[in-house]
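Q: I'd like to learn how to read a few features off a model. Where do we start?

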Amino acid sequence: MANGQNVGAVAVPATRATVRRGWADREGLQGFIWIAPAFLYLAFFIAYPFVMAIYLSLSSARVGSPEYHFVGLLNYQRLFADPTFWQTVQNSFVFTFGSEAIRLIIGLPLAFALNRTFKGKRLVQGLILIPFVIPIALSSLAWKWMFDSLYSVINWMLMRGGIISYPWQWLGEPGLAMWSVIIMNVWRGFPFSAVILLAALTAVPQEIIEAAKIDGAGPLRRFHYVVVPIIRPILFVGLLYSIVFSFTDFSAVWLLTQGGPYNTTHVFGTYAYNIGINAGDIGQGAAITLFIFPFLAAIVIVMLRFLRRE
Amino acid sequence: MTWQRAWRRLRRDYGPYLPLAPYLFVVLFPFYWMLITAFKRDNDLYNLTTAPFWFKEPPTLAHVKLLLEGTLFLTWLQNSLLIGVLVVIITLALALPAAYALARMRFLGSQTLSTGMFLSYLIPPTLLFLPLSQLVRGLGFTDSIWALVLVYPSFTLPFCTWLLMGFVRTVPREIEESAQIDGCTRLQAFRMIILPVIVPGIITAGIFAFTLTYQEYIYALTFVSASANKTISYGVTTDLIRGDVFYWGSLMSGALIGALPVAVVYAFSLDHFIHGLTAGALK
């Protein structure tokens with residue numbers, strides 16, 4: 001009996017190993033075949049256009065004219081001399097990091113509030129995520145209407161509440177317009193931040209918290225010394241994703257302000273669209289979009305390093 | 001004293017809900033405002049003398065009527081749904097074998113390819129819309145929804161492959177191996193063992209592909225111009241603004257009805273959605 005079991009235990013792994021080798025022999029070729037469709041597709045629709053963007057940025061390409069030629073770094077020289085471009089760079093950073101900071105600040109208490117059991121939790125969670133799910137193009141219309149120059153309901157509430165004394169021009173005043181765009185971007189994105197944070201918080205073992213409590217750590221110290229170190233990796237990756245999406249955003253800004261007033265809300269996406277499509281100067285537009293790349297590369301390097309270390 | 005007692009009772013009975021209330025208000029108010037704007041008469045809409053939060057005149061269907069009869073709204077809706085379904089099919093057809101190969105097979109460059117998959121997810125449409133507009137024109141898809149069907153998988157595919165890889169990895173290798181002992185080929189093992197087990201993953205990937213496609217804006221704006229070829233977000237945000245005139249009532253009703261398909265898909269798949277969201281960002 002014992003003998004028989006023994007034989008079986010030896011025999012099965014042996015067979016498995018042989019079998020595994022049997023499949024593995026063909027894995028080299030098979031792997032390529034399985035992945036080829038996706039690989040070819042991405043090569044053609046991501047890698048190739050990316051190279052094309054670099055070439056276009058060095059050319060005099062224009063919308064509607066089939067002929068263009070190599071112009072070297074001319075497009076870049078023109079950008080460096082263009083004050084609107086520098087304004088765009090600055091706006092992109094203000095927009096991205098302003099939005100991210102506020103998202104975290106208001107997302108964290110929300111994650112804590114959701115990180116307990118109560119009746120209707122699923123419903124609440126579902127409702128909170130709605131701004132993230134509904135196409136921003138559609139919900140931005142509601143914001144455009146709420147920020148309207150004459151019939152803004154936000155102004156109505158603030159004036160009745162005695163907080164402001166005259167109607168603010170949310171989308172028409174240079175400094176304020178950036179705030180308006182950030183407010184909408186925060187509204188759209190904080191549910192995502194909260195869900196990521198919540199996932200991170202649920203990963204913190206309750207016993208550790210209890211142990212810290214018994215050792216006499218107050219809520220703030222528990223958060224700083226126990227919770228933060230555990231959730232840091234998830235927080236970090238979630239934050240980087242979120243930064244990438246804000247930095248490369250087009251539709252939120254385009255639909256609210258189209259980059260105005262006086263270019264004070266132009267970000268890379270909207271300025272590139274304005275120059276590349278509306279003004280028809282594809283070469284110059286491509287040069288603008290390529291300035292996103294060093295930033296993306298930096299984020300990706302940080303991310304990959306971090307993921308390797310974890 | 002009574003205030004304090006009332007507050008204490010409130011905290012005791014509704015403790016967990018109190019901090020959530022302001023969030024829910026901020027999240028939901030824009031949608032409430034859309035809803036009420038869509039059905040208010042114009043006079044009522046532009047009258048801010050008293051509180052604007054409810055109807056002062058009887059509600060009207062005039063805005064919805066203008067939307068349905070004065071624009072190509074139903075065509076846009078149809079375009080968006082058709083594009084969404086086709087993109088989901090294309091994405092899954094390409095992503096499933098790729099995810100399986102990357103999760104299970106070891107071959108030359110498989111590591112590099114899976115990193116590449118992750119990186120291509122981070123290359124945004126903002127960086128690619130100009131060359132892609134040239135590319136689709138070169139392929140002969142000027143002003144056509146097929147240009148969008150062709151290009152949209154470029155952002156759904158990396159994400160869905162990444163997501164599905166995670167699901168394939170959860171299937172124990174031993175099951176496949178015993179299938180192989182029984183004489184299955186890779187393809188048979190994939191079809192009969194992996195696919196049925198990862199159905200939740202396939203649903204999640206499908207939902208994401210659909211919502212991402214439905215939300216897309218810059219490619220549609222760049223590749224398409226005829227009203228009949230527009231998608232829902234593009235059509236609603238452009239065709240109801242004529243010169244300086246914003247048809248607010250119709251804009252809001254268009255935005256609300258246009259958002260319905262995603263809202264429905266989302267409501268029926270909340271758990272899948274949240275799982276995908278966290279998995280996509282965390283794996």
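A: With burial: a residue is buried if 20 or more other C-beta atoms lie within 10 Å of its own, exposed if 12 or fewer, and partly exposed in between, with C-beta atoms placed from the backbone. Mind that this is a predicted model, where local features need pLDDT of at least 70, side-chain atom pairs count only at pLDDT 80 or more, and totals for chains, interfaces and linings use all residues. Residues are numbered from 1 along each chain as its sequence is written, while chains are lettered from A and ligands numbered from 1 in the order written.

Q: Which residues of α2(B) are buried?

A: Helices are DSSP runs (H or I, at least four residues), numbered from the N terminus. In α2(B), the buried set includes Leu20(B), Tyr23(B), Val27(B), Pro30(B) and Phe31(B).

Q: Where is the kink in α2(B)?

A: The bend at a residue is the angle between axes fitted to the seven residues ending there and the seven starting there. Here a kink of about 40° sits at Leu28(B), shortly before the proline Pro30(B).

Q: How many residues does each chain bring to the contact?

A: Two residues are in contact if their C-beta atoms, placed from the backbone, lie within 7 Å. Chain A gives 77 residues and chain B gives 74. On the chain B side, helix α2 (residues 20-39) supplies the largest share, 10 residues.

Q: And what about chain A: what percentage of its residues count as buried?

A: Of its 310 residues, 37% are buried. Chain A has 15 helices and zero strands.

Conventions: Helices (H or I, at least four residues) and strands (E, at least two) are DSSP runs, numbered from the N terminus.
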